[in-house]
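Good morning, and thank you for coming.

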Amino acid sequence: MKKLLISLAVLLPASAFATANNVGSCGLGSKVFEGQKGIVPQVLAVTTNGTFGNQTFGITSGTLGCTQDGVVSSNWKTAMFIDGNKAQLARDAASGQGETLDALAALLKIDAQDKAAFVSLAKARHADIFASVDSADSIATQLKAALQSDARLAKYADAV
């Protein structure tokens, strides 16, 4: 899986990773392939957007699921970190301490005053977040949901 993510990082344009929800989160491609998971629909969504130039139109017009808030985010580093550290991250979250949990907090840019709440949330929601330790995507999805459910930590959810 690590080799696949690294290959994608090299082969796909950076714009493919600069979205709020991975590849093709807005534009015609996101509408055509909405709800589909996996690399093929993601590549097809970004190819559709690039081929027809509709993502640019969507952003400037505020249509096709695009927003005009001017925020570009990239969560591929977080995805790669979770994938490379799944087992240790699960252990650290279960105990409420450890290097990988600290590194994840830093990667998510958790403020110092919110770090204890983040660690507490990771420990309390461990069973939900790490229900499938084999799937980095599942871990990221559940972590994002856990952050979104906490009023204090919701502001960090987009970094996942």
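By buried I mean a relative accessible area under 20%, by exposed over 50%, and by partly exposed anything in between, with a 1.4 Å probe and protein chains only. Arg 125, for instance, is partly exposed, with a relative accessible area of 24%.

Two remarks on the source. This is a predicted model, in which local features need pLDDT of at least 70 and side-chain atom pairs count only at pLDDT 80 or more, while totals for chains, interfaces and linings use all residues. Residues are numbered from 1 along each chain as its sequence is written, and side-chain values use heavy atoms, with hydrogens and water left out.

Let me start with the fold. The protein chain has eleven helices and zero strands; helices here are DSSP runs of H or I with at least four residues, strands are runs of E with at least two, and both are numbered from the N terminus. Of the 160 residues in the chain, 35% count as buried. Taking contact to mean heavy atoms within 4.5 Å, we find that 52% of the contacts between residues at least 6 apart in sequence join residues at least 24 apart.

I turn now to the interior. A nonpolar core is a set of buried Ala, Val, Leu, Ile, Met, Phe, Trp, Tyr and Cys residues joined through side-chain atoms within 4.5 Å. Which members of the largest nonpolar core touch the most other members? Among its 27 residues, they are Leu 104, Leu 108, Phe 118, Leu 143 and Leu 147. Two or more residues come from each of helix H6 (76-84), H7, H8, helix H9 (112-124) and H11. H11 gives the most, with six residues. Consider Leu 147 in particular: leaving aside neighbours within four places in sequence, Leu 147 is in contact with Leu 108, Phe 118, Leu 121, Leu 153, Ala 154, Tyr 156, Ala 157 and Val 160.

A cavity is a set of points, on a 1 Å grid over the protein atoms alone, where a 1.4 Å probe fits but cannot get out, and its lining residues have an atom within 4 Å of a point. Grid points are joined across faces, edges and corners, and a volume is the space filled by probe spheres set on the points. How many cavities of 30 Å³ or more does the structure hold? It holds one, and the largest cavity has a volume of about 50 Å³. Its lining consists of Leu 89, Ala 93, Leu 101, Leu 104, Ala 122, Ile 129, Phe 130, Ile 139 and Leu 143. At least two lining residues are supplied by each of helix H7 (86-95), helix H8 (99-107) and helix H11 (136-148). By class, the lining has nine nonpolar, no polar and no charged residues, where Ala, Val, Leu, Ile, Met, Phe, Trp, Tyr, Cys and Pro count as nonpolar, Asp, Glu, Lys and Arg as charged, and the others, Gly among them, as polar.

The charged pairs come next. With a salt bridge defined as a side-chain nitrogen of Lys or Arg within 4 Å of a carboxyl oxygen of Asp or Glu, the count comes to six. One of them joins Lys 86 and Asp 83 at 3.4 Å, N to O. Lys 86 is buried at 19% relative accessible area, and Asp 83 is buried at 7%.

Another pairs Arg 152 with Asp 114 at 2.8 Å, N to O. Because Arg 152 lies in the segment after H11 and Asp 114 in helix H9, this pair ties together parts that are 38 residues apart in sequence. Arg 152 is partly exposed, at 42%, whereas Asp 114 is buried, at 3%.

Asp 128 is partly exposed, with a relative accessible area of 39%. Salt bridges that share partners also join Asp 111, Asp 114, Arg 152 and Lys 155 into one network.

I close with a backbone detail. Most residues other than glycine have a negative phi. Lys 109, however, has a phi near 60°, a positive value. Lys 109 sits in the loop between H8 and H9 and counts as exposed, at 64% relative accessibility.

Key:
1 Å grid on protein atoms, 1.4 Å probe; cavity = no way out; pocket = protein on both sides within 12 Å on 5 of 7 lines; lining within 4 Å.
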